[in-house]
Structure formats: C-alpha cells, structure tokens
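Q: Here is a structure to go through. Let us set each label against its cut-off.

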Amino acid sequence: MEKQQYIEAGRVTNTHGVAGEVKIEVWLDSPQFLRRFPRVFVAGEEKKLISGKVQKNFLIAKLEGVDDVNAAMALKGKTVTVDRGDVRLPRGTYFVQDILGASVVDEQGSEIGKLVDVMERPAHNIYVVQGEQEHLIPAVPEFIRKTDAEAGIITVRLIEGM
C-alpha cells in the first residue's frame with residue numbers, strides 16, 4: 001500500500017487571544033503528538049509551529065507569520081496537515097490512514113474483507129470491515145492479532161456473532 005506524504009492532522013476551529021494564536025481540533029492521537037511536529041501545513045501552506053499549548057483535545061498554536069487576530073481568523077475552518085517525514089513513529093505504530101484499505105484476514109489466512117473505516121470511541125476504536133458482510137471489530141489485542149501496515153494486512157480473531 002502506498003503511503004501518502006501528508007497526513008490530515010486537524011482543523012483550525014477558532015482564534016485564541018489577539019496575538020494570532022489558533023485553536024486546532026486535533027485528529028491525531030493527541031494534541032501532544034501534534035505539538036512534536038516542527039511545522040504544519042494549513043490549507044497546503046507551510047507554517048512553522050512556534051509553540052503549542054494543550055487544551056483538552058485542542059492545540060492552541062502559535063504559527064510563524066500569523067501575528068494578529070485577523071491573520072488567525074483567515075485560517076478558521078482550514079485543514080491542518082503534517083508531513084510524515086517530520087516525525088518518527090514508535091516501532092509497531094502507524095497512522096490510521098496507512099491501514100485503511102488493508103486486507104483483513106482471520107488467523108487461518110482467509111480473507112474477511114477490507115478495512116473501510118476506523119470509528120473512534122471512548123473505550124477503544126472499532127474497525128469497520130467490509131466483505132461479503134460488514135464486520136465491526138473492536139481494535140483491542142483480543143481481536144486484532146497482528147497489523148502489518150507495510151504489507152497492508154490485518155490479522156484478526158473473530159468470535160461468533162461478529
């Protein structure tokens with residue numbers, strides 16, 4: 001599976017204060033993770049991430065060249081992306097977009113379908129797998145036995161009723 005260079009990381013939801021800070025709704029694992037990137041792209045335009053403060057699931061960010069509330073307001077509603085080359089993921093982790101479209105197989109190697117969506121829920125994510133029928137599989141170790149993002153294969157253990 002070919003990996004996309006740019007990952008959707010969030011959306012500018014509002015301004016914050018009068019010095020040009022923006023409030024970013026973070027779509028990655030956490031605002032702390034987004035804060036690790038040296039730069040972001042807002043509507044495709046590169047912006048150096050000067051500073052960031054975590055506020056619940058948001059990042060209050062100071063971006064280079066955004067120096068007042070008017071400049072920040074112009075970014076409201078814009079999508080924030082990051083370059084995957086700007087961060088090293090810990091071994092065994094991956095971006096969700098890297099597994100969308102992956103083949104989902106059972107422990108015997110029989111194909112169940114393709115991963116078409118990942119639903120985020122408070123307790124854990126749920127994988128939506130479309131094959132002859134749709135399967136909703138909790139993304140927990142009891143059911144997700146192995147994820148090979150490079151090969152595009154997810155091995156699962158199903159139980160009756162899934």
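Q: What makes Phe33 count as buried or exposed?
A: Phe33 has 12% relative accessibility. Buried means under 20% relative accessible area, exposed over 50%, and partly exposed in between, with a 1.4 Å probe and protein chains only. So Phe33 counts as buried.

Q: What kind of model is this, and which residues count?
A: It is a predicted model: local features need pLDDT of at least 70, side-chain atom pairs count only at pLDDT 80 or more, and totals for chains, interfaces and linings use all residues. Residues are numbered from 1 along each chain as its sequence is written, and side-chain values use heavy atoms, with hydrogens and water left out.

Q: Why is the pair of Phe33 and Phe95 called tilted?
A: Rings of Phe, Tyr and Trp (its six-membered ring) pair if their centres lie within 6.5 Å; planes under 30 degrees apart count as stacked, over 60 as edge-to-face and the rest as tilted. Phe33 and Phe95 are 6.3 Å apart centre to centre, with 55° between the planes. The angle falls in the remaining class, so the pair is tilted.

Q: Which parts does the pair of Phe33 and Phe95 tie together?
A: Phe33 lies in helix H1 and Phe95 in the loop between S6 and strand S7 (103-106), so the pair links parts 62 residues apart in sequence. Helices (H or I, at least four residues) and strands (E, at least two) are DSSP runs, numbered from the N terminus. Phe95 is buried, at 7% relative accessibility. Ring pairs also join Phe33, Phe37 and Phe95 into a cluster.

Q: Why is the pair of Tyr6 and Phe41 called edge-to-face?
A: The planes of Tyr6 and Phe41 are 80° apart, and the centres 5.2 Å. That angle is over 60 degrees, so the pair is edge-to-face. Tyr6 is in strand S1 and Phe41 in strand S3, so parts 35 residues apart in sequence are tied together. Tyr6 is partly exposed at 41%. Phe41 is buried at 7%.

Q: What makes a set of residues a nonpolar core?
A: Its members are buried Ala, Val, Leu, Ile, Met, Phe, Trp, Tyr and Cys residues joined through side-chain atoms within 4.5 Å. The largest such core has 23 residues; Val22, Ile24, Leu28, Leu34 and Leu63 touch the most other members. A second, separate core of 15 residues includes Val104, Leu115, Tyr127 and Ala149.

Q: Which residues is Leu28 in contact with, leaving aside neighbours within four places in sequence?
A: Contact means heavy atoms within 4.5 Å. For Leu28, the partners include Ile7, Ala9, Phe33, Leu34 and Phe95.

Q: Where does Lys56 lie, and is it buried or exposed?
A: Lys56 is in the loop between S4 and strand S5 (58-63). Its relative accessible area is 76%, so Lys56 is exposed. Lys56 also has a positive phi, near 55°.
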